[in-house]
Amino acid sequence: MKLVHKLLVAPAALGLLAPLAVVNSPAANATELNINGVSDYAATSSGNSLDQVTSVTQFSDVYPTDWAYQALANLVEQYGCVAGYPNGSFRGNRAMTRYEAAALLNACLDRITEVTDELRRLLKEFETELAILKGRVDGLEARVGELEATQFSTTTKLSAQTAWLAGATRAKGDNYNTGGEKGARAAYNAEYGGFSFSYDLRLGLKTSFSGKDLLYTRLRAGNIGTSNVWGGNGVSMNKLDIAGPGGNNVRIDRMYYRFPVGDSFTVQVGPLTQNTDMMGYKATAYAKGGTKILDFFGGSMGTPGVWNKEGGGGFGAIYSNKKQVEKGNPYVTVAANYVADAGEANDSNPNTGGFMTDNSEGNITSQIAYGNKQWGFAAGYRYGQCGAKFRTGTEYAVGDKFGTPCTVGDADDRSNADSHSWSFHGFWRPEDSGWMPSISAGVGKSYLNGNDDWDDNTNKRAMASWMVGLTWNDVFLEGNALGYAVGQPQFVYEVERGDVADAGYAMELWYSFQVTDNIQITPAIYWLSRPYGDNTQNVNGDYKSLGVFGGLVQTTFKF
């Protein structure tokens, strides 16, 4: 017998013969052999019977519950070389004689000969195509070997993004007297109204040791920092979503380790983590497929009181039952974390900083959410120690501090002030792209305590913010997106003494061109109404009007 015959017949024969009988059993002797039955079996096995079996279900005494049912099904339906007795039975429980085994093997060999002849014909017919494929496989193997020899790491992947930003801002409105040489509008334009060309670069290193964990390190460089108008210099509401540390220096701004605990919990800890990275769920669809412009609408999601993107040393836990529900169905996410400001977390002096001390500028942030990719809702809370940041808002609300005010200059007593912030978010997006946009909304409130000495004799008690964002996907061309958002960045609406008129509006409009899978170009415009808030000049109840208009083009490369 040829080798190919042996290889094909062996598993089939063993699968059938081994469970049914031992051929050399004393019970299977010549005196018990029914020669007529063997002849019938052989004829049927050879395909000469009119009752040839083509399905295992034709056997009257074989059932799906039999332990050898699948083996019989394979032999009958794939090889076509197994048959039973003329009465339609298989008699799987009786011993098989050597004659019956020989008849079965002979039928299988005949069938295998037919198959191998067909294979030879096909191999000859597609000989050219197979040779081409073999050459391609050999080439791929060589390239894979070269990549393995030169790869950066077997456990680490590099992902990168760089954004180039060209644009300018311009103040519009009343040029009221601020006590300087120039009026308010002219002073802003003289200092912040020039055209600029800036960049931001992020290099992320993702390392996994088990396939389920993540050690994340991110290097960042750029010149869009706090000294740049796009980083919030001049008015904090100018701050863009891509704003970073600035200074043209490469620095590490993320370093944390994330790992699962069971099927439902995830833990994250690190010396450079961010509270909003540990929320588990973002209840927004705004700018999905496009480019986020203003930080207030982007990373802060309209509620900078809770989503303040505080970075530093911290830890957090996330619970989600996503794996326990059917794919596509809504699921529950609960998250809680603690982050101390980066400048304080690594300070060993508890009077000026420290980790989990009264002077850590710490943030305790939590959220509960319910939803899926198409719709969702979330409620969040953040407790902020003295100095914990609020990010964007009117100059009267947050000013240059961007944070909870400290009541006295002595660092030993910084814990005398704190804040409590709440947020609510919801979103919905259509299943298919079209004229109906995705809708995202957020509203937040913050309450300040213990800041009696902060702003002369005016005690700011409560602040609020809100936003609504619309995003249309596949506009004009597949992959392009159009977005519009409006809202009120954080403003003071309640003071302990006196009146306040702090509210101002922000709105943005952008269109993203998806040039390639890796390049996106987004022109955008925005308008900030009364970004100085209650700091805008008030003459006998007559508030002056001063706003800021911005226009830019952002080009994003991902690789």
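Figure 1. Leucine 133 is a residue of helix H5 in what is a predicted model. With a relative accessibility of 46%, leucine 133 counts as partly exposed, because that class lies between the 20% limit for buried and the 50% limit for exposed residues. Together with Leu119, Leu122, Leu123, Phe126 and Leu130, Leu133 makes a nonpolar surface patch of about 530 Å². Helix H4 (98–125) and helix H5 (127–150) are the elements that give two or more residues to this patch, and the largest share, three residues, comes from H4.

Figure 2. In helix H3, which spans residues 69–79, the buried residues include Tyr69, Leu72, Ala73, Leu75 and Val76. These residues lie on the same side of H3, because they cover an arc of only 165° around the axis. In general, an α-helix has 3.6 residues a turn, so residues three or four places apart point the same way. Glycine 80 follows H3 and has a positive phi, near 65°.

**Figure 3. The salt bridge between aspartate 241 and lysine 309.** The side chains of aspartate 241 and lysine 309 form a salt bridge with an N to O distance of 3.8 Å. Aspartate 241 belongs to the loop between strand E3 (214–222) and strand E4 (251–261), whereas lysine 309 belongs to the loop between strand E5 (265–274) and strand E6 (311–320), so the pair ties together parts that are 68 residues apart in sequence. Aspartate 241 counts as buried, because its relative accessibility is 15%, and buried means under 20%.

**Figure 4. The salt bridge between arginine 391 and aspartate 295.** Arginine 391 and aspartate 295 form a salt bridge in which the closest N and O atoms are 3.0 Å apart. The pair links distant parts of the chain, with arginine 391 in the loop between strand E9 (375–385) and strand E10 (418–428) and aspartate 295 in the loop between E5 and E6, 96 residues apart. Arginine 391 is buried, with a relative accessible area of 13%, and aspartate 295 is buried as well, with a relative accessible area of 0%.

Figure 5. Glutamate 361 and lysine 389 meet through their side chains in a salt bridge of 3.8 Å, N to O. Distant parts of the chain are linked by this pair, since glutamate 361 lies in the loop between helix H7 (342–345) and strand E8 (363–371) and lysine 389 lies in the loop between E9 and E10, 28 residues apart. Glutamate 361 is buried, at a relative accessible area of 11%, whereas lysine 389 counts as partly exposed, at 29% relative accessibility. In one network, Asp200, Arg202, Arg218, Arg220, Asp253, Arg254 and Asp277 are joined by salt bridges that share partners. The structure holds 13 salt bridges.

**Figure 6. The whole chain as context for the close-up views.** The chain has 559 residues, of which 44% count as buried, and its secondary structure comes to seven helices and 18 strands. Among contacts between residues at least 6 apart in sequence, 66% join residues at least 24 apart. The accessible surface of the chain comes to about 28,500 Å², and 56% of this surface belongs to carbon and sulfur atoms.

Technical notes:
Residues are numbered from 1 along each chain as its sequence is written. This is a predicted model: local features need pLDDT of at least 70, side-chain atom pairs count only at pLDDT 80 or more; totals for chains, interfaces and linings use all residues. Side-chain values use heavy atoms; hydrogens and water are left out. Buried means under 20% relative accessible area, exposed over 50%, partly exposed in between (1.4 Å probe, protein chains only). Helices (H or I, at least four residues) and strands (E, at least two) are DSSP runs, numbered from the N terminus. The arc is that of the directions from the helix axis to the C-beta atoms. A salt bridge is a side-chain nitrogen of Lys or Arg within 4 Å of a carboxyl oxygen of Asp or Glu. Contact means heavy atoms within 4.5 Å. Accessible areas come from the Shrake-Rupley method with a 1.4 Å probe; for residues, only the protein chains shown count as cover. Patches are made of residues with over 30% relative accessible area and no salt bridge: like charges are joined within 9 Å, nonpolar side chains (Val, Leu, Ile, Met, Phe, Trp, Tyr) within 5 Å.
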